[in-house]
Amino acid sequence: MNGKTKTTTNPAELLLECFEMFDEEKTGRIPETTFRRIMTQKNGKQVKELDEILAAYKRIHCSSNPETPVGEEYIDYMAFIKMLEN
């Protein structure tokens with residue numbers, strides 16, 4: 001998509017490449033709304049299944065202090081990938 005040739009078949013590395021394509025500012029995170037859109041449109045995930053995945057992520061990932069304002073929630077994709085690997 002971005003001109004890069006895939007050099008790995010490692011699922012975690014492939015997922016990282018996908019996340020990085022949507023992280024235009026290279027912050028290491030993407031908005032939760034973007035993540036939801038990607039997962040429901042591109043991956044065919046059902047909303048209930050996606051809600052379960054995000055609930056597991058939120059249980060593991062520490063809340064920010066101060067709390068992230070509603071509507072500005074994000075996915076730290078390295079933490080998300082680590083969660084999936086365990």
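Which helix does Asp51 lie in? Asp51 belongs to helix H3, and the report returns to this residue below.

## The model and its confidence

This is a predicted model, in which local features need pLDDT of at least 70 and side-chain atom pairs count only at pLDDT 80 or more, while totals for chains, interfaces and linings use all residues. Residues are numbered from 1 along each chain as its sequence is written, and side-chain values use heavy atoms, with hydrogens and water left out.

The average pLDDT (the predictor's confidence in each residue, from 0 to 100) is 81 for the protein, and 80% of the residues score at least 70. Confidence is highest in strand S1 (residues 29–31), with a mean of 91, and lowest in helix H2 (residues 32–41), with a mean of 84.

## Overall layout

The protein has 4 helices and 2 strands; here helices (H or I, at least four residues) and strands (E, at least two) are DSSP runs, numbered from the N terminus. Read from the N terminus on, the order of elements is α-β-α-α-β-α.

Of the 86 residues, 21% count as buried. Buried means under 20% relative accessible area, exposed means over 50%, and partly exposed lies in between, for a 1.4 Å probe and protein chains only. Contact means heavy atoms within 4.5 Å. Among contacts between residues at least 6 apart in sequence, 48% join residues at least 24 apart.

Two packed helices are described by the angle between their axes and the distance between the axes. The axes are lines fitted to C-alpha atoms, for helices over the stretch in contact, and angles run from 0 to 180 degrees between N-to-C directions. Angles under 35 degrees count as roughly parallel, over 145 as roughly antiparallel, 65 to 115 as roughly perpendicular and the rest as oblique.

The axes of H1 and H4 cross at roughly 155° and come within 10 Å. That makes H1 roughly antiparallel to H4. H1 passes H4 in a right-handed crossing; a crossing is left-handed if the near helix is turned anticlockwise from the far one by less than a right angle, and right-handed if clockwise. On the H1 side, Ala12, Leu15, Leu16, Phe19 and Glu20 meet Tyr77, Met78, Phe80, Ile81, Leu84 and Glu85 in H4. The residues of this contact divide into 9 nonpolar, no polar and 2 charged. In these classes Ala, Val, Leu, Ile, Met, Phe, Trp, Tyr, Cys and Pro count as nonpolar, Asp, Glu, Lys and Arg as charged, and the others, Gly among them, as polar.

Leu16 is partly exposed, with a relative accessible area of 21%. Leaving aside neighbours within four places in sequence, Leu16 is in contact with Tyr77, Met78 and Ile81. Leu16 and Ile81 are 65 residues apart in sequence, with a C-alpha to C-alpha distance of 7.5 Å.

## H3 against H4

H3 (residues 47–60) also packs on helix H4 (residues 77–85), at an angle of about 105° and with the axes 10 Å apart. That makes H3 roughly perpendicular to H4. Ile53, Ala56, Tyr57 and Ile60 of H3 make the contact with Ala79, Phe80 and Met83 of H4. By class, this contact has 7 nonpolar, no polar and no charged residues.

## H2 against H3

H2 and H3 pack at an angle of about 140°, with their axes 10 Å apart. The two helices are therefore oblique to each other, and H2 passes H3 in a right-handed crossing. Glu32, Phe35, Arg36, Met39 and Thr40 of H2 make the contact with Val47, Leu50, Asp51, Leu54 and Lys58 of H3. These residues divide into 5 nonpolar, 1 polar and 4 charged.

Asp51 counts as partly exposed, at 35% relative accessibility. The C-alpha atoms of Asp51 and Arg36 are separated by 9.0 Å, and the two residues are 15 apart along the chain. Glu32, found in helix H2, counts as buried at 8% relative accessibility. Not counting residues up to four places away in sequence, Glu32 touches Leu54, Lys58, Glu73, Tyr74 and Ile75.

## A loop residue to look at

Lys26 is found in the loop between helix H1 (11–22) and S1. Phi of Lys26 is near 55°, a positive value in a residue other than glycine. At 59% relative accessibility, Lys26 counts as exposed.
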